[in-house]
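Here are my notes on this one, in the order I'd go through it. Have the model open while you read.

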Amino acid sequence: MEKETKRFPEGFLWGGATAANQLEGAYNEDKKGLNLADVLPGGKVRLEIISNPGFDFEIDESKYYYPNHEAIDFYHRYKEDIALFAEMGFKSFRLSIAWSRIYPNGDEMTPNEKGLEFYDKVFDELHKYGIEPVVTISHYETPLHLIKEYGGWRNRKLIELFERYATTLFKRYKDKVKYWMTFNEINGATHLPILGLGFSPKNEDVRLQESFQGLHHQFVASALAVKAGHEIIPDSKIGCMLIFAPVYSIDANPENVMHALREEQVFNYLCGDVQVRGEYPAFSKRYFRENGIKLDIHDGDLELIKQYPVDYIGFSYYMSRTEKKHKTEEEIGAGNLIGGVKNPFLKASEWGWEIDPIGLRISLNQLYNRYKVPLFIVENGLGAIDKIEEDGSINDDYRINYLREHIKAMAEAIDDGVDLIGFTSWGCIDLVSASTGEMSKRYGYIYVDKHDDGSGTLERRRKKSFYWYKDVISTNGETL
Ligand code: BG6
């Protein structure tokens, strides 16, 4: 009886997720222009660069190695890779389109046919196996020209350039793609503006002002994309994409609880409120005032945002966050990638990301109860170091355990009444890490022979989790 109620719905979109810049490679082929990821070096230095102001967005091969240039060469190997996804039984595959393949500089009037053709081929290959493409229109890969000449999303001009790009995609792929998302992890922008907004603030004093202005431009651009998408593809589903991490208070001290609540409102909900409910939330007024943020909002912007909310929420879930109002020196920076303090009840991954499957059930409940729109987990997974045994096998039980616990949490949330439509785990095939540019931080069911220094044959190999996930999908989540 218990089993009955915890079943995943029929047609549940099991699959995997990727982003163009992290797997395609071929960074300068077929007239592709450079984008943000092409100028980000590999290794721990990357995180330093994306966190610090004043990055120059230049390539210097005498100093750095650029892992996204070749990545895992999906551009030439997509057939082999999609066949492996099909072998696992994928129902969906999340990928992004590299804006600079379609508009190399981002501001041309006509698109690059070669770029459009590439994604035609990828979508056709997916459909051959009955795999539903789920497309992120912008995933940390703003064209470099828009960064250098326009100052990234600080500049309002990007709204119309994005609208042109998105409209081109909707027209071209109207018969091939139904599920879209506008901006990857849109709410991550205030932490690391360089990734989502394509600029590096001059100093800390302007970070919030510039980030929220950039976000406002993206809200308008996203609303215009929803408008165009629904007109061109009437049965399309266009989502926002959030990075979601429930915020816990370190204890029951109301001061800490209030602090955690405010962090949660601003980080987790502000963007969702605008994109799903169609308006800036009540708390934002005070938050903007207290932080000296003054938004330049043009006539008609708020009406557009109201009129064209998204259809569903896609979100990534990797960790929760624990907050405390007054942190000691040692506590600052001791938490996760996205801040907070250490949670004494949780273990962390080798990269310090705290593992919290119950946090996923909490997130699903919080999001669904607040917004009442379908939810889609479009990223989740464990970045870990894998070892190839002498017999060639890769026994990634740690990854299987991680995913099993998170899938159980999803089943619980479905039983709680949440409308969850799919799960695409992150990096279903090993790819370049976004935050560190490392290959050794592996998420895949499929191992790729490529290493942090760029060496490797690029050969693909099935890990133990490959066979496990295949069973999960074929039994629609009954076998874990
Ligand atoms: C998400 C991004 O933040 O996390 C992905 O949308 C990224 O692009 C993923 O790869 C995992 O992060 P990382 O730094 O381990 O690659």
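Which residues are closest to the ligand, and how many surround it?

1. Ground rules. This is a predicted model, where local features need pLDDT of at least 70, side-chain atom pairs count only at pLDDT 80 or more, and totals for chains, interfaces and linings use all residues. Numbering starts from 1 along each chain as its sequence is written, and side-chain values use heavy atoms, with hydrogens and water left out.

2. Ligand shell. There are 14 residues around the ligand, with Glu-185, Glu-379, Ala-434, Ser-435 and Tyr-443 the closest (near means a heavy atom within 4 Å). The shell splits into 6 nonpolar, 5 polar and 3 charged residues; Tyr counts as nonpolar and Gly as polar here.

3. Polar contacts (N or O pairs within 3.5 Å). Ligand oxygen atoms sit 2.6 Å from a polar side-chain atom of Tyr-443, 2.7 Å from a backbone N or O of Ala-434 and 2.8 Å from a side-chain N or O of Gln-22. The protein buries 95% of the 370 Å² that the ligand exposes when taken alone (Shrake-Rupley, 1.4 Å probe).

4. Strand 9 (375-379) and strand 10 (420-426) share 3 bridges, and Ile-377 stands opposite Phe-423.

Definitions and conventions
Polar contact = N/O pair within 3.5 Å; in protein donor to acceptor, adjacent residues only side chain to side chain. Pairing = 2+ DSSP bridges. Helix = DSSP H or I, 4+ residues; strand = E, 2+ residues; numbered from the N terminus.
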